[in-house]
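Subject: Structure handover

Hello,

Please find below the structure I said I would pass on. My notes on what was found in it follow.

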Amino acid sequence: MRGAAMPASIGIPWAKRTDDSWRYGLLTTAEHANPQGFLHGGILMTFADHGLSMLAWEAAKRAPCTTIQLNTHFLSPVEPGDFVELQGDVTRATKGLVFVRGILSVGHRDVAAVDGIWRVLRAAGGT
């Protein structure tokens, strides 16, 4: 299954539902590299923001949400051509906020840990 288009020419991520959770993936390219030849951290952050936002949106009963905080801890470099996967979970949801965390990995190697807070902009079906 393919997800919605992402900003900044990052591409269209891969999405797969397994049991009660979603996994997201991104096939990286040379265009995503920084001058040192590794994946630019901003690409990982953009991908993480997109995937975790989808989890927040589901937790908010598909009400619009916006990221108000995103923390990223880079653990290991990623090379262009690597397939990066994101697995995340909602740690808490209130009427107005959703707290989400996740791990980005390449194969069995964790490359980043992310967590953030999303603001629910309105109740689903409401104004």
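The six strands form an open sheet in the order β1-β2-β4-β5-β6-β3, with antiparallel pairing. β1 and β3 (65-74) are the edge strands, each with a single partner, so one side of each has no neighbour in the sheet. From one strand to the next the twist averages 25°. Helix α1 (residues 41-59) packs on this sheet, where it touches β2, β3, β4 (83-93), β5 (97-106) and β6 (109-120). The direction of α1 makes about 40° with that of β4.

Some words on how to read this. The model is predicted, so local features need pLDDT of at least 70 and side-chain atom pairs count only at pLDDT 80 or more, while totals for chains, interfaces and linings use all residues. Residues are numbered from 1 along each chain as its sequence is written, and side-chain values use heavy atoms, with hydrogens and water left out.

Helices (H or I, at least four residues) and strands (E, at least two) are DSSP runs, numbered from the N terminus. Two strands pair if DSSP finds at least two bridges between them. Axes are lines fitted to C-alpha atoms, for helices over the stretch in contact, and angles run from 0 to 180 degrees between N-to-C directions. Contact, or touching, means heavy atoms within 4.5 Å.

Overall make-up

Read from the N terminus, its elements run β-β-α-β-β-β-β. Of the 127 residues in the protein chain, 35% are buried (under 20% relative accessible area; exposed is over 50%, partly exposed in between; 1.4 Å probe, protein chains only). The accessible surface of the protein chain is about 7,200 Å², and 53% of it belongs to carbon and sulfur atoms. These areas come from the Shrake-Rupley method with a 1.4 Å probe; for residues, only the protein chains shown count as cover. Among contacts between residues at least 6 apart in sequence, 59% join residues at least 24 apart.

Strand pairs

Strands of a sheet pair through backbone hydrogen bonds, either parallel or antiparallel. Strand β1 (residues 14-18) runs antiparallel to β2 (residues 21-27), and five bridges join them. Within this pair, A15 stands opposite Y24, and R17 has W22 as its bridge partner. The two strands form a hairpin with two residues between them, and D19 in the turn has a positive phi of about 55°.

β5 and β6 are also antiparallel, paired over 10 bridges. Here L104 stands opposite A112 in β6. Their hairpin has two residues between the strands, and G107 takes a positive phi near 65°. β6 also pairs with β3 in the antiparallel sense, over nine bridges; T67 stands opposite W118 in β6.

Two residues in their surroundings

S53 is found in helix α1. Leaving aside residues up to four places away in sequence, S53 touches T67 and W118. A polar atom of the S53 side chain lies 2.6 Å from the backbone oxygen of D49.

F99 has its place in strand β5. Not counting residues up to four places away in sequence, F99 touches D89, V90, T91, R92, G116 and I117. F99 and A59 are 40 residues apart in sequence, and their C-alpha atoms are 9.5 Å apart in space.

Salt bridges

Side chains of opposite charge can pair when their charged atoms come close. The structure holds four salt bridges (a side-chain nitrogen of Lys or Arg within 4 Å of a carboxyl oxygen of Asp or Glu).

E85 lies in strand β4 and R23 in strand β2, so the pair ties together parts that are 62 residues apart in sequence. E85 counts as buried, at 18% relative accessibility.

D82 forms a salt bridge with R109, with the closest N and O atoms 3.9 Å apart. Because D82 lies in the loop between β3 and β4 and R109 in strand β6, this pair ties together parts 27 residues apart in sequence. R109 is partly exposed, at 34% relative accessibility.

The side chains of D89 and R101 also meet in a salt bridge, at 3.3 Å, N to O. D89 lies in strand β4 and R101 in strand β5, so parts 12 residues apart in sequence are tied together. D89 is partly exposed, with a relative accessible area of 32%, and R101 counts as partly exposed at 45% relative accessibility.

Regards

Definitions and conventions
Polar contact = N/O pair within 3.5 Å; in protein donor to acceptor, adjacent residues only side chain to side chain.
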